[in-house]
Amino acid sequence: PKDVTKEMVSPYPAKVARKRAKHIVMRDPSIEGQEIQANVRTVPGILNTRHCAFAGCKGVVVGPFGDVLHIVHGPVGCSYYTWMTRRNQYRSREDGKNYMSYCVTTDMQDSDIVFGGVKKLRQAVQEGYDIFKPNAITITATCPVGLIGDDIQTVAKEMTEELGISVVAFNCEGYKGVSQSAGHHIANNGFFKNWVGEGEATDEEIEGFTVNLLGEYNIGGDSYEIERVLEKCGINVIATFSGDGTYDAATKAHLAKLNLVMCHRSINYMAEMMETKFGVPWTKVSFIGVQAFAKSLRKVARFFNDEALTQRIEEVIAEEVAAAEAEIAPIRERLQGKSAILFVGGSRAHHYQDLFADLGIKTIAAGYEFAHRDDYEGRQVLPLKVDADSRNVEELRVEKDPERYKLTADPAWVEQLKEEGFLNRYEGMISEMGEDTLMIDDISHHELETLIKRLKPDIVGSGIKDKYVIEKFGVPCKQLHNYDYGGPFAGFQGAVNFAKDIDMRINNPTWKLVKAPWQN
Ligand code: CFM
Ligand code: HCA
């Protein structure tokens, strides 16, 4: 597309326009190291689509563990807001424990703000335990808790001793960061300190080709499709952080041989800490898109370097790709040459480019809401300068565990894979943004509207805050967070679901009849 940066920022005061321009990159692959500004405060007054640190901790990373009772300490609204809105699905295990449909909160009132809410929190933990007997309990703090200084960590510690189950508290007050990203980090730290490494497994559980899925949240049932294929290949998932995840599995995560990192933004902390403490290497994968999924499966094959496994994976890929392709091919004919713009979260705006490409759709502009520079430019920009806002989140000091550190792969092989950039590497979104495409961080509603007017995309991938504004322009919007209540979209069969969905949206004749109210 043409460079519409100037037009996007033109209504802002000069200083704001200069600031926003740093978040916008006109892609030119001939320039090495194009930089983007990211993970900084949004200018007050600008409407964007970010959420808070509490949302990132409780709603995103903590919430999907289904056999764990999640207690929100705070006013009822924060709890209600994160109650299943993300469509993270969970299947009950043999013990039948599944609290996904509950919304549990201390429902703080004015008097709790004045006199403190610790007593009420302790009561809530006790009551939750008595009623449900969950496998573990989490406490997540909303803004007022931090402001009045309720000591939730001590409550968690005491209740862990009293009840004999793990009670973990997260100081993830909404204001702890510039977006939900801070909440991810807080959640990673809490689980790493309290759960990972605590469990034991039978030999049978950990033998063979074992992996953890990090950063896969089972939105719309994505994990079910991913696991169906992994199982078929003979790859065993020990734990998932955190879609369809259980407390028990999470405590055994350190026993897996390889970590597969799906959403780099929300879980890279865990991957790094697990490698340092327990010796589990990690590799970046993506399960979104037919070709991307096949490529990721081949990565697993390469890591384990086992002839029978490699052959099995190739057979599964051949069979699954053929089945998916048979359904996608006729749809692609109707979508070929269309264009998309994607503004989503901290990883999907990248991952979904592959799936759109499978359908013949080119992404002409894309960006994240809250990702960091490494998610755009690749991990070679790390370490980044720590600013005042990021300093709010504790960096855990992690060391080799004297007993539980265990290398399950040949160290020379791991070293070779690291040198090749096969392990511990993420290239970022920029690696896939072609010439004259736009990369925009924390896009504002005004900027998005300008883009739609100028670039005239055939579809926008976005979220609930802008969906209906976009559709009033006569352009279909696909929500890539909750999938508009559809899905799964991951894996091979997910790609087929997505193709049908996008076809119905883009090729729906209704759009030609839509006229925005202001066009009259
Ligand atoms: Fe990772 Fe996510 Fe995402 Fe994310 Fe999210 Fe989400 Fe998202 Mo909504 S963890 S960064 S904080 S992939 S909730 S499942 S859809 S913004 S792109
Ligand atoms: C969150 C959750 C969210 C919101 C989606 C949206 C999700 O950030 O708190 O704004 O449409 O995926 O449900 O990202």
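Select strand 6 (residues 209-216) and strand 8 (residues 258-261): the two pair in the parallel sense over four bridges. Helices (H or I, at least four residues) and strands (E, at least two) are DSSP runs, numbered from the N terminus. Two strands pair if DSSP finds at least two bridges between them. Within this pair, click Val 211; opposite, in strand 8, stands Leu 258.

Before moving on, note that this is a predicted model, in which local features need pLDDT of at least 70, side-chain atom pairs count only at pLDDT 80 or more, and totals for chains, interfaces and linings use all residues. Residues are numbered from 1 along each chain as its sequence is written, chains are lettered from A and ligands numbered from 1 in the order in which they are written, and side-chain values use heavy atoms, with hydrogens and water left out.

Zoom in on strand 13 (residues 459-462). Strand 13 pairs with strand 14 in the parallel sense, over three bridges. Which residue of strand 14 is the bridge partner of Gly 461? Pick Lys 478.

**Ligand 2**

Select ligand 2 and the residues around it: His 51, Ala 55, Tyr 81, Arg 86, Gln 180, Gly 463, Ile 464 and His 481. Each has a heavy atom within 4 Å of the ligand.

- His 51: an N or O atom of the side chain is 3.1 Å from an oxygen atom of ligand 2.
- Ile 464: a polar backbone atom is 2.7 Å from an oxygen atom of the ligand.
- His 481: a polar side-chain atom is 3.0 Å from an oxygen atom of the ligand.

**A helix pair**

Go to helix 14 (residues 290-304) and helix 15 (residues 307-335). Their axes, lines fitted to C-alpha atoms over the stretch in contact, come within 10 Å and cross at roughly 180°. Angles run from 0 to 180 degrees between N-to-C directions. Helix 14 is therefore roughly antiparallel to helix 15, a label for angles over 145 degrees.

Show the side chains. On helix 14, the contact (heavy atoms within 4.5 Å) includes Val 290, Leu 297 and Phe 304. On helix 15, Ile 313, Ile 317 and Val 321 are among the residues involved. The contact residues divide into 11 nonpolar, one polar and two charged.

**Backbone stops**

Finish with three loops. Between helix 17 (373-377) and helix 18 (411-419), find Pro 383. A cis peptide bond joins Leu 382 to Pro 383, with omega about -5°. Between helix 18 and strand 12 (438-440), find Asn 424. Asn 424 is not a glycine, yet its phi is positive, about 55°. Last, between strand 14 and helix 21 (491-506), find Pro 488. The peptide bond from Gly 487 to Pro 488 is cis, with omega near -5°.

Definitions and conventions
Parallel < 35°, antiparallel > 145°, perpendicular 65-115°, else oblique. Nonpolar A, V, L, I, M, F, W, Y, C, P; charged D, E, K, R; others polar. Polar contact = N/O pair within 3.5 Å; in protein donor to acceptor, adjacent residues only side chain to side chain.
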